[in-house]
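Subject: Structure handover and notes

Hello,

Here is the structure you were going to look at. My notes on it follow below the model.

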Amino acid sequence: MTCTVARWAAHAARCTVHGATVRGCLAGRRLLLVTGVSYNKAVEPIVMRLAPLADEVICTRAHHKGSEVATIAGLVRRERPDVPLSCAATIEEAAERALDRARHSGMTVLVGGGLFLSIEFQQALRGHDPKA
């Protein structure tokens, strides 16, 4: 089974627009959200806009400026106490886990929360060093 990966960099000023756009573009698909936000951004509003989109969540962090994984997980859990949630210490681990889970469940992987996260996830998918 194949899976689809959609990358989305949500910034605080545009979260509402992005949330509506994601729903429109990926309507009818079960979404596995891989999320993390840079510590110098408005972390809470970004996570609060993304969490409702997900059927399952993997919380992680970008190597560059990533917020603590526990912070992201706590916000997701507060917004969506019922959603299946796991944590990955690195973006590499998150990418591997997300692809495996998506392939076995037919879910679409949505990478959202920040530009660094999205770029590093893409690098990990390509077998490159996301820290580079």
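Ala102 is buried, at a relative accessible area of 0%; buried here means under 20% relative accessible area, exposed means over 50%, and partly exposed is in between (1.4 Å probe, protein chains only). Ala102 lies in helix H4. Helices (H or I, at least four residues) and strands (E, at least two) are DSSP runs, numbered from the N terminus.

Before the rest, a word on where the values come from. This is a predicted model, in which local features need pLDDT of at least 70 and side-chain atom pairs count only at pLDDT 80 or more, while totals for chains, interfaces and linings use all residues. Residues are numbered from 1 along each chain as its sequence is written, and side-chain values use heavy atoms, with hydrogens and water left out.

Overall layout

The chain has five helices and five strands, and along the sequence these follow the pattern β-α-β-α-β-α-β-α-β-α. Of the 132 residues in the chain, 47% are buried. Contact means heavy atoms within 4.5 Å. Among the contacts in the chain with a separation of 6 or more, 78% are between residues 24 or more positions apart.

E2 spans residues 31-35, and five of its five residues are buried.

Two strands pair if DSSP finds at least two bridges between them. E2 is joined to E5 (residues 108-112) by five bridges, and the two run parallel. Leu31 stands opposite Thr108, and Leu32 has Val109 as its bridge partner in E5. E2 is also joined to E3 (residues 56-59), by four bridges and again in parallel. On that side, Val34 stands opposite Ile58.

E5 is mostly covered as well, with five of its five residues buried. Thr108, Leu110 and Gly112 point one way from E5, whereas Val109 and Val111 point the other way.

Helix packing

Two packed helices are described by the angle between their axes and the distance between the axes. Axes are lines fitted to C-alpha atoms, for helices over the stretch in contact, and angles run from 0 to 180 degrees between N-to-C directions. Angles under 35 degrees count as roughly parallel, over 145 as roughly antiparallel, 65 to 115 as roughly perpendicular and the rest as oblique.

H4 (residues 91-105) packs against H5 (residues 115-125) at about 65°, with the axes 9 Å apart. H4 and H5 are therefore roughly perpendicular to each other. Their crossing is right-handed; a crossing is called right-handed if the near helix is turned clockwise from the far one by less than a right angle, and left-handed if anticlockwise. H4 contributes Ile91, Glu92, Ala94, Ala95, Ala98 and Leu99 to the contact, and H5 contributes Leu117, Glu120, Phe121, Ala124 and Leu125. By class, that contact of H4 with H5 has nine nonpolar, no polar and two charged residues. Ala, Val, Leu, Ile, Met, Phe, Trp, Tyr, Cys and Pro count as nonpolar, Asp, Glu, Lys and Arg as charged, and the others, Gly among them, as polar.

The buried residues in H5 are Leu117, Ser118, Glu120, Phe121, Gln122 and Ala124. H5 is followed by Gly127, with a positive phi near 80°.

H2 (residues 43-50) and H3 (residues 69-79) pack at about 50°, with their axes 9 Å apart. H2 and H3 are therefore oblique to each other, and their crossing is right-handed. Val43, Glu44, Val47 and Met48 in H2 meet Ile72, Leu75, Val76, Arg78 and Glu79 in H3. This contact of H2 with H3 has six nonpolar, no polar and three charged residues.

Two loop residues

Leu26 lies in the loop between H1 (15-25) and E2. Leu26 is buried, with a relative accessible area of 10%. Leu26 and Leu53 are 27 residues apart in sequence and 9.9 Å apart in space, C-alpha to C-alpha.

Lys65 lies in the loop between E3 and H3. At 29% relative accessibility, Lys65 is partly exposed. Its phi is positive, near 65°, in a residue other than glycine. Most residues other than glycine have a negative phi.

Regards
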